[in-house]
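Dear colleague,

I am passing on the structure we spoke of, and my notes on it follow below. Please read them with the model open beside you.

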Amino acid sequence: MNRRYSWHAAAGVMGFCVMQSVCAALPEQDDLVSLSQQMQQGKQTAVGLLDRYTQRIQHLNPALHAVIAINPEARSQAQTADQKKSHRSPLHGIPILIKDNIDAAGMATTAGSLALAENVAIADAPLVARLRAAGVVIAGKTNLSEWANFRSTTATSGWSSVGGQARNPYATDRSPCGSSSGSGAAVAARLIPAAIGTETDGSIVCPAAVNGLVGVKPTLGLVSRSGIVPLSHSQDTAGPMTLTVRDAALLLNVMAGSDPADVATRDADRLRTYDYTMGFSKTGLQGKRLGVVRKLVDSYDAETKAVFERALKTLKSRGAIIVDQVELPYLDDMEKDELTVLLYEFKADLNAYLAHTPTSVQTRSMEQVIAYNKQYADKLMPYFGQELMEQAQAKGDLNTPEYREASTRLKQRAGSEGIDATLKKYQLDALIAPTTGTAWAIDYKAGDVIEGSASSPAAIAGYPHITVPMGLSKQLPVGLSFFAEAWSDAKLLKLAYAYEQARPALPAPKIAK
């Protein structure tokens, strides 16, 4: 393969360390706010930070498979950042990783599949351009569940034919969840201070929760999707995955905004908040009414439920009014319609994307991707098949009545008749529940075995959803979810920040020390 497309370069450096004395030493504080302060005080340089994190990737990534590619231009970008006399933003000179379904000029965008090996981006995705304009250094790409975890009904999260099996740093035999698995694992292991993921349903908040991170799935339309390999135009969005809520807000400040090429973002400049850290306060929960969706709690084991009950006590101690036994309608009725919508949109949206890839890309439709997977099944389908792709290929176009009816019904049940109606009925500021269960064992025969999830209502409605670590269950992280109406991202960040300040800090995984 051409060296430009050598995604495994990061994983190919032998060696593994669990002690900081062996790995490249991290700064004393490695959140974005602290790193920014160190940069501005002259205690750190962009090149120095990039080198430290790159060395950690070289040492730790063989065990985690979190990073799929190192950006060969990253060091020159860091050098340029150091030469600037003034900082363009609080993120100036700080390295981050982006999920490998997002375009970065000069790098392959594979969506984890060898079928897109030659898909070298000629331009940055708009969200990447925004990051660069703020002085952020794009250090490389993260691994992911191949095709955003929508290839097979029995897929295992975090596996891709390009990057191999991503693993959870808290227990490397456990799943990092998908599809932004590499982004979650990389930040948790302190291979990078922050990363960008994407979500259709759970693919930011699940890997953030099981890897002990803050994850923000923004309102659909707040962040451009142009230059991102699609799954569903009605649910896809990118978002930050970070160590703290303030870090996520800083990234969202940069990422948010209208994009003429993405019609969903037409109102973003008008409705966005220009500083998502504004109003952050330890007293931000005082008098806020939070509704517990008990149906999203019932499926968890006793230990995870106990962690959630402690979180409720913490919320109450900071002045929140907990409204228990809130009923969110249609929770059991949306799964079939969601699958129908995703199948139709995956075919239509992927075909549109592939048609505009570089001429070097040979798979220019979903039909051709399916054929390619069959031709190279030993490399692309060693553990599970492509049933979802085949089901999608069998669907008609977006004018098909089945799709149009399911799409309309789904948005109403998740949005106006679901989250919106529930917030109004109980006079709530937000809905809360555990984000998902603890990370499950990686098992290619069993596939993903998930106890539960709070992701679908907000994902289907296109509404914001934030997860914050709430503690450990069975020595593995679990997250607390906050979700509410469209364009309430700033409100949810304030609630999440106040909760974060009130609960004990989550210990880093041993692999990060």
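Is Tyr376 buried, partly exposed or exposed? Tyr376 is partly exposed, with a relative accessible area of 33%, where buried means under 20% relative accessible area, exposed over 50%, and partly exposed in between (1.4 Å probe, protein chains only).

Please bear in mind that this is a predicted model, in which local features need pLDDT of at least 70 and side-chain atom pairs count only at pLDDT 80 or more, while totals for chains, interfaces and linings use all residues. Residues are numbered from 1 along each chain as its sequence is written, and side-chain values use heavy atoms, with hydrogens and water left out.

On the cysteines, a search of the whole structure finds one disulfide, a term that stands for a pair of cysteine sulfur atoms within 2.5 Å. The disulfide joins Cys177 to Cys206, with an S to S distance of 2.0 Å, and the torsion about its S-S bond is about 110°, so the disulfide is right-handed. Cys177 lies in the loop between β5 (164-165) and α6 (181-188), whereas Cys206 lies in helix α7 (residues 205-210), so the pair ties together parts that are 29 residues apart in sequence; helices (H or I, at least four residues) and strands (E, at least two) are DSSP runs, numbered from the N terminus. Both Cys177 and Cys206 are buried. In the loop between β5 and α6 we also find Ser179, which a cis peptide bond with omega of about 5° joins to Gly178.

Turning to the aromatic residues, the count comes to eight aromatic pairs, where rings of Phe, Tyr and Trp (its six-membered ring) pair if their centres lie within 6.5 Å, and planes under 30 degrees apart count as stacked, over 60 as edge-to-face and the rest as tilted. One of these involves Trp159 and Phe384, whose ring centres are 5.5 Å apart with planes at 80°, so the pair is edge-to-face. Trp159 lies in strand β4 (residues 159-160) and Phe384 in the loop between α13 (377-380) and α14 (387-393), so this pair ties together parts that are 225 residues apart in sequence. Trp159 and Phe384 are both buried. The rings of Tyr372 and Tyr376, for their part, have centres 4.7 Å apart and planes at 50°, so that pair is tilted. Trp159, Phe384, Tyr383 and Tyr444 form one aromatic cluster.

With kind regards
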